[in-house]
Amino acid sequence: MGRPFTDQGGSGFHVHLSVADAEGGNAFAADGAELSDLGMQFVGGVIEHARGLQALLGPTVNAYKRILPDSLAPTHANWGHDNRTAFCRVPKERGARARVEIRTGDGSANAHLITAAILLAGLDGIERGLDGLGEHLRLHLVRQQERDEPGASDRIRDRAHLEPG
């Protein structure tokens, strides 16, 4: 269960991956950049399909109990550089260690199914040339005012958490 006790942190199933090029090198590696264009297109595909992916990443009601504001669990479909509150995180490692991390998975998810789904979403982003820096990928933070309102956590969960920009 992702978060058995409300007074303690939850447990996530984070997926880290990169794609190999024809020579066996890391296709997400880029000289002087956080991620190659191909890597950013992969991120664009993952974000484009975030809502569908979330059904596989969080297959039970309990999976959503850890997805709360200020809990280091993503509440929106977004990406960020080394941002632990983003749906898709680009860790600070570069070169051969460049990768993306999908952070909303729950321990009840099927590892084989989510890996295949994430790869297909990313490959769709590559095939369609989606721009990982597009307008729909702006980092969305829940406003402090909204977080302080009574029932804010329930409303955020009810929106399925992962609304694109």
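With which side chain does the side chain of Glu101 make a polar contact of 3.4 Å? The partner is the side chain of His16. The model is predicted: local features need pLDDT of at least 70, side-chain atom pairs count only at pLDDT 80 or more, and totals for chains, interfaces and linings use all residues. Residues are numbered from 1 along each chain as its sequence is written, and side-chain values use heavy atoms, with hydrogens and water left out.

Glu101 lies in strand β4. Helices (H or I, at least four residues) and strands (E, at least two) are DSSP runs, numbered from the N terminus. Glu101 is buried, at a relative accessible area of 2%. Buried means under 20% relative accessible area, exposed over 50%, and partly exposed in between (1.4 Å probe, protein chains only). The side chain of Glu101 also joins that of His14 in a polar contact of 2.9 Å. A polar contact is a pair of N or O atoms within 3.5 Å; within protein, one must be able to donate a hydrogen and the other to accept it, and residues adjacent in sequence count only if both atoms are side-chain atoms. Residues touched by Glu101, not counting those up to four places away in sequence, include Phe87, Cys88 and Arg89. Contact here means heavy atoms within 4.5 Å.

Helix α2 spans residues 50-57, and its buried residues are Ala50, Leu53, Gln54 and Leu57. They cover an arc of only 105 degrees around the axis, so they sit on the same side of α2. The arc is taken from the directions from the helix axis to the C-beta atoms. An α-helix has 3.6 residues a turn, so residues three or four places apart point the same way. The cover over the buried residues of α2 includes α1 (37-48), β4 (100-102) and α3.

The structure holds 6 salt bridges. A salt bridge is a side-chain nitrogen of Lys or Arg within 4 Å of a carboxyl oxygen of Asp or Glu. One of them pairs Glu48 with Arg128, with the closest N and O atoms 3.7 Å apart. This pair links distant parts of the chain: Glu48 is in helix α1 and Arg128 in helix α3, 80 residues apart. Glu48 is partly exposed at 39% relative accessibility, and Arg128 is partly exposed at 45%. Glu48, Asp124 and Arg128 are linked in a network of salt bridges. Glu93 forms a salt bridge with Arg97 (3.7 Å, N to O). Arg97 is exposed, at 54% relative accessibility. Glu93 also forms a salt bridge with Arg99, at 3.2 Å between the closest N and O atoms.
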